[in-house]
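Visitor: I would like to learn how to read side-chain contacts in a model. Can you take me through some?

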Amino acid sequence: MRKLFMGAGSPFSSASSSDAWTAEADAVSIPRLDEIGTLTRPTNIGRTYAEEEYRALGEEQLSSWAAEGEQAARPHVMRARGLERSATTTEALLVHQEEAARQAREDYQQAARVLAPHVRREVGAKVRYWVCWPLLVLGDSAGILMSAVAFGDAPSVALGVAVAAGVAAGCSGLIGSEVKHLRNARARQRDPETLSGEEYRFRRLFSGSPDKGLGLVGLVGVVSLLVVALLAFGVFLLRGSLEGAASGLTFGCLAAATALASFALSYHAADEVADVLSGYKKRASQAETRLRKLAGGKAIRQRAEADAAARSVYAEHAARGQAAAKRVESLNWRIQRNNSQVVGHGFPAHEARPMVGRRVRAGANGYAGEAMR
């Protein structure tokens, strides 16, 4: 099967191919029956065998280039089909994740509209809390560790006891957050019947138990004070037995001060409304992060790339086939021009040359293929 190969700057990839086809067309000669001179195509001459031959050659170019395009695109099509199941599954998950991300963003925006006016925690307070609280625990633990080692305990045992005591001092001050929550809840308290539609969703933040939790908070407060007292007394005894009463009292007061500082830090950073709003924001951010991760999935991207490559190959070969067919058609007319003594120099003015067009049709593979109209 003969096929024209095309490249940049010329309808053929090599001048030799073009010249060969032109030379072959020039060599076609239709024998003359007699010596006549014609100006128009004789009415007694239909389509010559040469015309039919080159018409068939033009159709051959379309089929030949379509077959080559199928061969060139096959690896891309196979790759796309291999990724189909994985990409389809990812796309199905992507639809659900888009809905989840949209809903999470709407929830956060609604919460921000309703709750933002009730936020009492200043910007940076939470960061300051998470920086200072470990330092308080570390400082208390270091003092107890030094005393325990000086008392004669093994360093590994002393470290465990010191860390536990330091964490106990830090946690004893967490009651400050509950006290702050109660104070803010009193300021926000409203009759449920006065809440708007959006506010009713967060009615828990605008109402409370009849005693406002004072009894439970008081119990926890007593326990926290007991922890502080026991810790300060223990440090006093430990340091006092080693360095005297003055030293014991000093370090005992420092241990108590650490617990009280934890209380003040917790009270300052506590804000239930801000925590709720931060939770909605974090949920929306996580949903959007998962959405971006799914949208950038490897299977979807690779399938799209393979589909684009296959379509490009089909389009390129379809265009090359059309160009090659047009080239053969031009050679057909070249033969008629070189044999004007038989077929004349052209069609009569009143006779329109039949137009033979081509169009692109979708092939069985789902991509664009060439077909004769």
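This is a predicted model: local features need pLDDT of at least 70, side-chain atom pairs count only at pLDDT 80 or more; totals for chains, interfaces and linings use all residues.

Visitor: How many aromatic pairs does the structure hold?

Guide: Rings of Phe, Tyr and Trp (its six-membered ring) pair if their centres lie within 6.5 Å; planes under 30 degrees apart are stacked, over 60 edge-to-face, the rest tilted. The structure holds two such pairs. The Y129 and W130 rings have centres 5.1 Å apart and planes at 80°, so this pair is edge-to-face. F202 and Y280 also pair edge-to-face, at 5.9 Å centre to centre and 80° between the planes. That pair links distant parts of the chain, 78 residues apart: F202 is in the loop between α7 (197–200) and α8 (214–243), Y280 in helix α10 (residues 272–295). Helices (H or I, at least four residues) are DSSP runs, numbered from the N terminus.

Visitor: Is Y129 buried or exposed?

Guide: Buried means under 20% relative accessible area, exposed over 50%, partly exposed in between (1.4 Å probe, protein chains only). Y129 is at 9%, so it counts as buried. W130 is at 53% and counts as exposed. F202 is buried at 5%.

Visitor: Which residue has its charged end over the ring of F206?

Guide: A charge sits over a ring if NZ of Lys or CZ of Arg is within 6 Å of the ring centre and within 35 degrees of the ring normal. R190 does this at F206, 5.7 Å from the ring centre. K180 lies over the face of Y267, at 5.1 Å.

Visitor: How many salt bridges does a search of the whole structure find?

Guide: A salt bridge is a side-chain nitrogen of Lys or Arg within 4 Å of a carboxyl oxygen of Asp or Glu. The search finds 19. In one of them, D275 and R121 have their closest N and O atoms 3.0 Å apart. D275 lies in helix α10 and R121 in the loop between α3 (84–115) and α4, so the bridge ties together parts 154 residues apart in sequence. R121 is buried at 16%, while D275 is partly exposed at 33%. R190 also bridges to E199, at 3.1 Å between the closest N and O atoms.

Key: Residues are numbered from 1 along each chain as its sequence is written. Side-chain values use heavy atoms; hydrogens and water are left out. Helices (H or I, at least four residues) and strands (E, at least two) are DSSP runs, numbered from the N terminus.
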